[in-house]
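The sequence and the coordinates come first, and the description follows.

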Amino acid sequence: MAKPRVAEGASSASCDGPERLATRSRAELISVPAGEESGPPLRIGVDTGGTFTDFVAVREGRLFCLKLPSTPHAPEEALLEGVRLLLQGCTCGRIEVVHGTTVGTNVILERKGARTALLTTEGFEDLIEIGRQNRPKLYELGPSKPAPLVPPEWRFGVPERVGVRGEILRPLDATTVLAIKKRLREEGVESVAVVYLFSFANPRHEEETGALLEDLASPVSLSCRILPEYREYERTSTTVLNAYIAPIVRRYLARAAERLKELAELARSKKPQEVSLWIMRSNGGALSAKQAAEQPIQTALSGPAGGVVAAAAWGRLLGFPQLLALDMGGTSTDVSLVGEAELPSRGGRIGGFPIGIPILPIQTVAAGGGSIARVDAGGALRVGPESAGADPGPVCYGRGEEITVTDAHLLLGRFGPGGLLGGRMRLDGARAREFFSRFVDRHLAPLRAFETEEEGPVERLAQGILDVINVRMARAIQLVSAESGKDPRDFPLLAYGGAGGLHACDLADALEIPRAVVPRDPGLFSALGDLFSDFVRDYVETLLLPEEQTEEQELQRIFGRLAAQAEDELAAEGFAKDERAFSLLLDMRYVGQGFELTVPYGEGHVEQFHRLHELKYGYADWGKKTEIVSLRVEARGILRKPLLLPEEEAGPDPAAASLLFEREVWFSGERRSARFYQRESLQPGNRIEGPAVILEYSGTTVVPPSWRARVDRYRSLLLTRREK
């Protein structure tokens, strides 16, 4: 099993074997705030992906990095194995694990959730099936939508009614609820969602129903706690999704928390160590494992959120107020426009179902290193959306039999002979070539006619696979930019994930982006982002009043009540007063609109709404009346974070030890001699002219012939196009 790699500054030590650890001076890289008398904690960021599970740990001022193959059948196995390795020799008093997980996401996408029932206001049982009349594909002749997660026989109408202002129009019929509870037991329902009309205005009936179902041996999700906002369809869908994944996520978190505690007991020095488990939220914050078990839908996009948080932090370090973030892993690619002023968007979709929780604006495309190549019925080459994942993985891993993007890079000469993870994961190039040759014979035999001494059909196929996957990712970047009204050429491209550096320059060329950035340890970047997160909770109250009818005193009264609730919960989580921060926000829209935008509350918030509307949609009607839809308080508990420190620059010429070898590599159908460098041995200030390949523990960066790279003071690779 792989040992953790230490990465803290500058050294000539490499990562080319399991017994050699790249060690660097503590002061050159990282500083952590002083801990209590018991010593600083061991903080571990964990990101579980479809192919690898990544770990970044901060211990005694040093940064430890580790990648392990994911264990999709039992995700906690990889999590616990990584933590066990990082605990070796640890004498710290506390362990803090911040975890980005895809458990809930996968349950929804694979439709493997719990047997779920829905209790709703009588007459609204079919709301989740009726939905809205939106057509995502306007010109599709046979539009379809996903089947609802709750079948008709488990949708129950309950006699009750609350008015739009919260008035009780019809009391709850408790007898009906008790009869439904009996049936739920008989039919083996595993989870229950309760969504009553206008419960956001008065949650009394939902809370009464929750009390009546309390002794049911199944989780009960109340919409007044999951999403206390108007729009009954989105509120119902979100609550049903929460119920659908609740039993699976709860069991996973319970197993992980219990076994983490056992690991801490085994690793203790003189007394048991304290363990806290935090889970990344879809909005880039974190919440306790207990709260994640109660509201698992908050973790629906947990995995990609860590990368966006890290991208924002890296942008601040490098002086980029906004940048395009591209996270390419083994299964998918996540793209987002990251900036300090960006607010989480209100809602999105997952698996075709709407969710109303705050999420970061991330566009996901099924394009990763494990994406499988195939030929469709029309004879065209396709790549993805299917992925080889961690098991069996790409052909070159030794078990898979479907050729992938990773195999294509290997055949084009873009990996070192030692394989991946500093030589810990060997790659079988001969096996990959054999399967590519079979693929050509089976599907693309005409390519044999174009074979030359310089380029064979295998290389043509490999380049074609990369071209196809690059087009898919470029479209995702264009979509994210267009939705924000921005031009991608105005921002640097920050590429991370294990495969991000392999495609950064090609994507920048395709979109005419002048520069790209590959951060240090790119394959562990999302796990690093977990360590930059804060504890975040949202509190909301729907108002639905025109601006001219809203009194400032009433707004402050509501904000005060929400902030008081937030204060109590942050205190219960153990955050001191100086560790708490609050943001007051308004959801606003023009009168008559069906959507709203979120703006900070304060003097001139109406003008801010007009400006934001113009930025996002290209126009603003400054004379039109506005209304306030909802008031929000975002509460943050400030968690301890690593402080990345700049290093002194060396000269422009890389040290001789950093140059590993020189060999031929394919670039766009042309074979060129390229230099291979060990990134851990490069120093700030070093410059590299393409063509070159830069190898490191967690990723590989390709510098094409028309590009150059420079190592900055934070050990990022700044990639720029060479002048013609």
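## Terms and basis

Contact here means heavy atoms within 4.5 Å. Helices (H or I, at least four residues) and strands (E, at least two) are DSSP runs, numbered from the N terminus.

The model is predicted: local features need pLDDT of at least 70, side-chain atom pairs count only at pLDDT 80 or more, and totals for chains, interfaces and linings use all residues. Residues are numbered from 1 along each chain as its sequence is written, and side-chain values use heavy atoms, with hydrogens and water left out.

Strand 15 (residues 322–328) and strand 22 (residues 493–496) run parallel and are joined by 4 bridges. In this pair, L326 stands opposite A495 of strand 22.

## The helices

Axes are lines fitted to C-alpha atoms, for helices over the stretch in contact, and angles run from 0 to 180 degrees between N-to-C directions.

The axes of helix 13 (residues 457–483) and helix 14 come within 10 Å and cross at roughly 60°. Helix 13 contributes L466, I469, N470, M473, A474, I477 and Q478 to the contact, and helix 14 contributes H503, D506, L507 and L511. These residues divide into 7 nonpolar, 3 polar and 1 charged, where Ala, Val, Leu, Ile, Met, Phe, Trp, Tyr, Cys and Pro count as nonpolar, Asp, Glu, Lys and Arg as charged, and the others, Gly among them, as polar.

How values were computed: Two strands pair if DSSP finds at least two bridges between them.
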